[in-house]
Amino acid sequence: MSNENMILKIRLLLLAWFHLRSQPGPPSLVKRFSYKDIKKATDGFKRVIQSSSQGASYKAKFQNGHLATVKEVKLSDEDDDSFYREVQLLGRLHHRHIVALCGFSTGSKRFLVFENMEKGSLKEHLSDPLKTPLNWRTRLHIAIGIAAAVEYLHFFCDPPIYHVTISSSTIMLDENLIPKISDISLFNAAANRVKPPTSSRCSKECTEQGCKNMIFQLGLVILELITGQSSEKGGVDLVQWVQESQFPRSIHKMIDPDLGNSYDPRELNGLLNVARLCIKSVDKPRICTPQILWYLQKKIGIARK
């Protein structure tokens, strides 16, 4: 057995041990806000960030000066049980690269209150010419951070969480440009209900389609970080490019012009290899989630810098 395979095997055993040691206990205390609190904090729901059929998101500033993002939650189920389970399960998520749930409000309308992300979305920083371009080192840290969050959602949550949209629009950046996934749903898409947690062993291999989709989306985000191009509409062009046998010859044409020559070619090749692995994972019978994060940390070598 090679040293690399031995290191990966030890990592998987440690992850399994930590998972058994961290089974969920009582849900974390999440603050409950009144409808009046939410309305006042959002200036009468005028501070709209975005709006969709699933509900609007608002900038909020509470009386104590606390800044937050408030998201309206629309459920077809009128019973509050599903919503309360959503709050309890989201309240258990504690990871540096996942936007934290700060509170909730229920009644005729339901809201989730999340921590404020000062720098907005990754998409804004890649596409808005008025924003300072992200340097190469920051982009590497973003790729590794999101990969760590995917590993956490798949390997450390019971049950594993697969209803996650990972894109440059849902990856938010805090004041230090630390990336955090913001779009996590525990609802069963078909029944629009939250499944209560079950005691189950966490698998080190990803065989669920939802998990494969998460890894595929991670690959698209990595390609966006490299090229600066959007993959919001399915990423067909980027996927086709990275799967072409001759793609190494066109790398220099695809790199985000904002990067100039300020990147490490070895790290670029490592990042592209990870992106290809993620893209191909959809067609594989199984994929080892920790392997992706380990590959990023080991092969790119950013952990040592």
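In this predicted model, α5 and helix α6 (residues 209–227) pack with their axes 10 Å apart, at an angle of about 175°. Because angles over 145 degrees count as roughly antiparallel, the two helices α5 and α6 are therefore roughly antiparallel to each other. On the α5 side, the contact is made by R139, I142, A143, I146, A147, V150, L153 and H154; α6 contributes C211, M214, L218, I222 and L225.

T170 is buried, because its relative accessible area of 10% falls under the 20% limit. Leaving aside neighbours within four places in sequence, T170 is in contact with T165, K180, I181, S182 and D183. With T165, a polar atom of the T170 side chain lies 2.7 Å from the backbone oxygen. S182 is twelve residues from T170 in sequence, and the C-alpha atoms of the two are 5.4 Å apart in space.

The model also holds an open sheet of six strands, with mixed pairing and the order β1-β5-β6-β4-β3-β2. The edges are taken by β1 (31–32) and β2 (48–52); each has a single partner strand, so one side of each is left without a neighbour in the sheet. For β2, four bridges join it to strand β3 (residues 55–61), and the two run antiparallel. Within this pairing, V48 stands opposite Y58 in β3.

Conventions
Residues numbered from 1 in each chain as written. Predicted model: local features only at pLDDT ≥ 70, side-chain atom pairs only at ≥ 80, totals over all residues. Heavy atoms only, no water. Buried < 20%, exposed > 50% of the residue type's maximum accessible area, 1.4 Å probe, protein only. Contact = heavy atoms within 4.5 Å. Polar contact = N/O pair within 3.5 Å; in protein donor to acceptor, adjacent residues only side chain to side chain. Pairing = 2+ DSSP bridges. Axes fitted to C-alpha atoms, helices over the stretch in contact; angles between N-to-C directions. Parallel < 35°, antiparallel > 145°, perpendicular 65-115°, else oblique.
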